[in-house]
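Hi,

Here is the structure I promised to pass on to you. Have a look at it first, and then read on for what turned up.

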Amino acid sequence: MDILTQLNLAMEYIETHIDDELALADVSGVTTYSPYHFGRLFYYIADMPLSEYIRKRKLSLAAMKLQSSNIRVIDLAMLYGYDSADSFTRAFTKQHGVTPSVARRPGVNLVIFPPLTFQIKIKGVQALNWRIEESEAFEVFGIERIFSNEETGKVPEFWVECQENGEYERLFDTANKVYYPDGHKYPKDDGRSVINAVCGYLELDEKTFPYMICAVRKPDSNTDGFKVAQIPKATWAVFRSEKTTIGTEIPKLFNRAYSEWLPSSGYDKAIGPDMELYYADPWGNHFEEVWIPITKIN
């Protein structure tokens, strides 16, 4: 099945089981994707975590039930997975701007999120630069953090934190030194190593994923104090931004790759990590790429 068919099957599953305690693993189970890969696909295409979408759907249906029936607020809270009327009321008010009791009144404006349906995006205004690359297995080393699937949008904060606490500079310095047997460090004379990032290189559990700010491990790399990860041999779809504002294009590239390119490409997302690559040319221009492992659809 192609990616759009699988996403739409997942949305149908959610609507059928909306009264249940839905988890990411339950929804991804009707697709060929792992919970991590499905959660990442959904986030970049829908621009929200799956749990947020499910919560918005439940609160939308709750609002409709309030206006069409005499159901008690506590019963509605229990129906949609809240442990108390108070927690349900807080969530309801955050989405709709009014309390459940006010929502019963005629003429009250409520915020309803309809079920999502995924289709191919047809856009011709902005070109999407892409290519196919083959690579052998290699290793990276760097600074790792484990995020929950709800925290995908917090990755940029991790970069800022590492830059502010000196960890980024330590990695950059280590990646650009040669360590000789005498114990001294000397600057490399073959160019500067670039700091990149890799995501999802390990399948931890259905609720979390690893993310590493990293450099490619070379024979002379000293990886003491850093995490090391193996990147398997793979075929990659590579998407490049020509904009020179560093740090802003990666989410846009992932979104366009998943929602525009992948559904009509004849390829599917393969098991394996996603990579973020950052480049600089001699004139100070910066470029960003995302690398997504792919497999040919038979």
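A residue counts as buried here when its relative accessible area is under 20%, and as exposed when that area is over 50%. Please keep in mind that this is a predicted model.

With that cut-off in hand, let me start with the aromatic rings. The structure holds 21 aromatic pairs. One of them joins tyrosine 82 and phenylalanine 88: the ring centres are 5.5 Å apart and the planes stand at 70°, an edge-to-face arrangement. Tyrosine 82 has a relative accessible area of 15%, so it is buried. Phenylalanine 88 is buried too, because its relative accessible area is 0%.

Another pair is made by tryptophan 236 and tryptophan 291, whose ring centres lie 6.0 Å apart; their planes meet at 65°, so this pair is edge-to-face. The two tryptophans come from distant parts of the chain, 55 residues apart: tryptophan 236 sits in strand 8 (residues 234-241), and tryptophan 291 in strand 11 (residues 286-296). Tryptophan 236 is buried at 0% relative accessibility, and tryptophan 291 is buried at 11%.

There is also a cluster for you to look up in the viewer: Tyr36, Phe147, Phe158, Phe209 and Tyr211 are linked by ring pairs.

Next, the helices. At what angle do the axes of helix 4 and helix 6 cross? The crossing angle between helix 4 (residues 50-68) and helix 6 (residues 85-96) is roughly 95°, and the axes come within 10 Å. Angles from 65 to 115 degrees count as roughly perpendicular, so helix 4 is roughly perpendicular to helix 6. On the helix 4 side, the contact is made by Arg55, Lys56, Leu59, Ser60, Ala62, Ala63 and Leu66. Facing them from helix 6 are Phe88, Ala91, Phe92, Gln95 and His96. Sorted by class, this contact of helix 4 with helix 6 consists of seven nonpolar, three polar and two charged residues.

Last, the cysteines. How many disulfides are there? The count comes to zero, where a disulfide would need two cysteine sulfur atoms within 2.5 Å. Cysteine 162 has 2% relative accessibility, so it counts as buried. Cysteine 199 is buried as well, at 1%.

Happy exploring, and do write back with any questions!

Best wishes

Definitions and conventions: Residues numbered from 1 in each chain as written. Predicted model: local features only at pLDDT ≥ 70, side-chain atom pairs only at ≥ 80, totals over all residues. Heavy atoms only, no water. Buried < 20%, exposed > 50% of the residue type's maximum accessible area, 1.4 Å probe, protein only. Axes fitted to C-alpha atoms, helices over the stretch in contact; angles between N-to-C directions. Helix = DSSP H or I, 4+ residues; strand = E, 2+ residues; numbered from the N terminus. Parallel < 35°, antiparallel > 145°, perpendicular 65-115°, else oblique. Contact = heavy atoms within 4.5 Å. Nonpolar A, V, L, I, M, F, W, Y, C, P; charged D, E, K, R; others polar. Phe/Tyr/Trp six-rings, centres within 6.5 Å; stacked < 30°, edge-to-face > 60°.
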